[in-house]
Amino acid sequence: MVGRIYHVGLTVSDLDRSIAFYNDILGLEFQGEIMMTGEETDKLFQRKNCKARVAYLNGSRSVEAPPIELIQFVELRKL
């Protein structure tokens, strides 16, 4: 039995476009964005040299409503 959902994470290919869709079309409120990198991020996503842009949106101010977490993996370019 599921006791509580803390957030719903979705991987997206274009974070800016996805934020616009969830905000403008679905009416979710943009709460903020972070950039994740480093050893802990590598462990979390089970990827080496991982870099991810992560945005949070929510459709309700209720503490019980879990936020939507949109994740875009950023490819590190080799020179």
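Predicted model: local features only at pLDDT ≥ 70, side-chain atom pairs only at ≥ 80, totals over all residues.
I started at R47, which lies over the face of F73, 3.9 Å from the ring centre. The rule I used: CZ of Arg (or NZ of Lys) within 6 Å of the ring centre and within 35 degrees of the ring normal.

Residues are numbered from 1 along each chain as its sequence is written, and side-chain values use heavy atoms, with hydrogens and water left out.

Next, how many aromatic pairs are there? I got 2, taking rings of Phe, Tyr and Trp (its six-membered ring) with centres within 6.5 Å; planes under 30 degrees apart are stacked, over 60 edge-to-face, the rest tilted. F21 and Y22 pair edge-to-face, at 5.4 Å centre to centre and 90° between the planes. F45 and F73 are also edge-to-face, at 5.0 Å and 90°. F45 sits in helix α2 (residues 39-45) and F73 in strand β4, so this pair ties together parts 28 residues apart in sequence. Helices (H or I, at least four residues) and strands (E, at least two) are DSSP runs, numbered from the N terminus.

Buried or exposed: which is F73? F73 counts as buried, at 19% relative accessibility. Buried means under 20% relative accessible area, exposed over 50%, partly exposed in between (1.4 Å probe, protein chains only). Y22 is buried at 17%, but F21 is partly exposed at 39%.

Last, I looked up A65, in the loop between β3 (51-58) and β4 (68-73). A65 is 8.4 Å from I5, C-alpha to C-alpha, though they are 60 residues apart in sequence.
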